[in-house]
Amino acid sequence: MEPIIMQARVRDAETILKLQYLCYQTQAALYNDYTLPPLTESLTALLFEYDTHSILVARLGEEVVGSVRGQLREGTCHIGRLIVHPRLQGHGLGTRLMYAIEGHFHSATRYELFTGYRSERNLHLYHKLGYTRFREETVSPQLRFVYLEKQISHHIIYEVEKERTR
């Protein structure tokens with residue numbers, strides 16, 4: 001069975017948060033920082049994001065196995081909190097979620113996201129999807145964020161449409 005990507009329901013919030021906590025454990029260990037915002041986000045804060053962001057989930061049957069969020073501001077889609085259950089990582093679901101959120105914000109002229117500078121798997125995925133570094137920000141002595149962007153092109157529209165018909 002292939003995961004299906006759809007708009008998250010409010011009743012998915014607690015499940016998304018639990019999956020987020022699970023998925024960000026490797027990032028916390030990588031940076032020796034268990035206070036990363038995805039690990040300290042409250043259910044109330046996530047519920048607030050339903051009003052300000054589009055939240056997509058990947059479902060395998062009724063189980064939520066992935067999620068991503070996006071928000072459009074001044075033509076730029078800000079993407080965040082891409083998560084895929086550890087047992088499904090490395091099988092293309094992260095790529096599918098990225099194409100889905102880009103497609104959801106098809107009117108954007110630019111996409112932007114960030115990840116930690118040591119997060120090689122994340123950086124590899126984003127580069128493969130056409131994202132390029134445009135700045136870094138030091139958050140703490142052990143953590144720097146790498147900001148990446150992708151300008152909209154006809155190739156992206158083709159890939160998004162191909163993913164929708166899948």
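**Close-up views of a predicted model**

Figure 1. E112 touches T76, C77, H78, I79, F134, Y147, L148 and E149 when residues up to four places away in sequence are set aside; contact means heavy atoms within 4.5 Å. The model is predicted: local features need pLDDT of at least 70, side-chain atom pairs count only at pLDDT 80 or more, and totals for chains, interfaces and linings use all residues. Residues are numbered from 1 along each chain as its sequence is written, and side-chain values use heavy atoms, with hydrogens and water left out. E112 is in strand β5. Helices (H or I, at least four residues) and strands (E, at least two) are DSSP runs, numbered from the N terminus. E112 counts as buried because its relative accessibility is 13%. Buried means under 20% relative accessible area, exposed over 50%, and partly exposed in between (1.4 Å probe, protein chains only). The side chains of E112 and R110 are joined by a polar contact of 2.9 Å. A polar contact is a pair of N or O atoms within 3.5 Å; within protein, one must be able to donate a hydrogen and the other to accept it, and residues adjacent in sequence count only if both atoms are side-chain atoms.

**Figure 2. I79 in strand β4.** Strand β4 holds I79. I79 is buried, with a relative accessible area of 8%. Beyond four places in sequence, I79 touches V68, R69, G70, M98, I101, E102, Y111, E112, L113 and Y131. One of these, R69, is 10 residues from I79 in sequence, and their C-alpha atoms are 5.7 Å apart.

**Figure 3. T132 in strand β6.** T132 belongs to strand β6 (residues 132-140). Its relative accessibility of 44% makes T132 partly exposed. T132 and E112 lie 20 residues apart in sequence and 9.5 Å apart in space, C-alpha to C-alpha.

Figure 4. Most residues other than glycine have a negative phi, and most peptide bonds are trans. E74 is not a glycine, yet its phi is positive, about 50°. E74 is in the loop between β3 and β4. At a relative accessible area of 86%, E74 is exposed. R81 has a positive phi too, near 55°. R81 sits in strand β4. R81 counts as partly exposed, at 22% relative accessibility.

**Figure 5. Q27 in helix α2.** Helix α2 contains Q27. With 15% relative accessibility, Q27 counts as buried. Its side chain makes a polar contact of 2.5 Å with the side chain of S119. Not counting residues up to four places away in sequence, Q27 touches L36, S119 and N122.

**Figure 6. The largest pocket and its lining.** Rolling a probe the size of a water molecule over the atoms shows where empty space is left. The largest pocket holds about 1,100 Å³ of space. Of its 44 lining residues, Y24, L82, T115, N122 and Y126 are the closest to the centre. Two or more lining residues come from each of α2 (25-31), α3 (37-40), β3 (63-73), β4 (76-84), α5 (93-104), β5 (110-116), α6 (120-128) and β7 (143-151). By class, the lining has 19 nonpolar, 17 polar and eight charged residues. Ala, Val, Leu, Ile, Met, Phe, Trp, Tyr, Cys and Pro count as nonpolar, Asp, Glu, Lys and Arg as charged, and the others, Gly among them, as polar. On a 1 Å grid over the protein atoms alone, a pocket is an open set of points where a 1.4 Å probe fits, with protein on both sides within 12 Å along at least five of seven lines; lining residues have an atom within 4 Å of a point. Grid points are joined across faces, edges and corners, and the volume is the space filled by probe spheres set on the points.

**Figure 7. A100 in helix α5.** A100 is placed in helix α5. Leaving aside neighbours within four places in sequence, A100 is in contact with I5 and L56. A100 and V84 are 16 residues apart in sequence and 14 Å apart in space, C-alpha to C-alpha.
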